Amino acid sequence: ALDSVAPFSSADMPAGSVIQVVTTGSISSASTTSTSFTSISGASLAITPQSESNKILVLWSSWGSNSLVGGSNVDYRHGLFRGSTSLYITLIGADSGSGGLQSKGSMMFSVIDLPNSTSAITYNIQHYTSNASSIGYFNVGQLTLMEIAG
């Protein structure tokens, strides 16, 4: 006969163990000419930590480009936000380009956050371009959250 086994809780897991993983799957391409951060459709994800001492590993993968504006320094940024709090910003940029050219690059990053909460937490990715005459564009992206035992 098998003995009954109680379910595991995050308190039973050694530090560094992955407790849960949530992901958006593929997020369609999008562009912006906004010079302030705006949400990327579909790039928002919630997770509810099982313990206040657990960390959240946030993974974002995407490829970005932006059109250059002659005689201007232009950059395109992706920002990670927990609610309205900015946690991390990455960018691609070019200095004094000629019109019609583009800068391109990886917008990928990973961030470890310690939200100290057991309530649902929403992370989202936003983007902007530093020059309204430039178009910031990202190719298919994916947002993944992993709860890590503290």
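**Burial and ring pairing in a predicted model**

Q: Why is Q126 called buried?
A: Q126 has a relative accessible area of 13%, and buried means under 20% (exposed is over 50%, partly exposed in between; 1.4 Å probe, protein chains only); Q126 is therefore buried. The model is predicted, so local features need pLDDT of at least 70 and side-chain atom pairs pLDDT 80 or more, while totals for chains, interfaces and linings use all residues. Residues are numbered from 1 along each chain as its sequence is written, and side-chain values use heavy atoms, without hydrogens and water.

Q: What makes the link between the side chains of Q126 and N124 a polar contact?
A: The two side chains come to 2.9 Å. The term requires a pair of N or O atoms within 3.5 Å, within protein one able to donate a hydrogen and the other to accept it; residues adjacent in sequence count only if both atoms are side-chain atoms.

Q: Why is the pair of W60 and F138 called tilted?
A: This is one of four aromatic pairs in the structure. The ring centres of W60 and F138 are 5.9 Å apart and the planes stand at 55°, so the pair is tilted. Rings of Phe, Tyr and Trp (its six-membered ring) pair with centres within 6.5 Å; planes under 30 degrees apart are stacked, over 60 edge-to-face, the rest tilted.

Q: How do you know whether W60 and F138 are buried or exposed?
A: W60 has 1% relative accessibility and therefore counts as buried; F138, at 0%, is buried too.

Q: What makes Y88 partly exposed?
A: Its relative accessible area is 34%, so Y88 is partly exposed, whereas F109 is buried at 6%.
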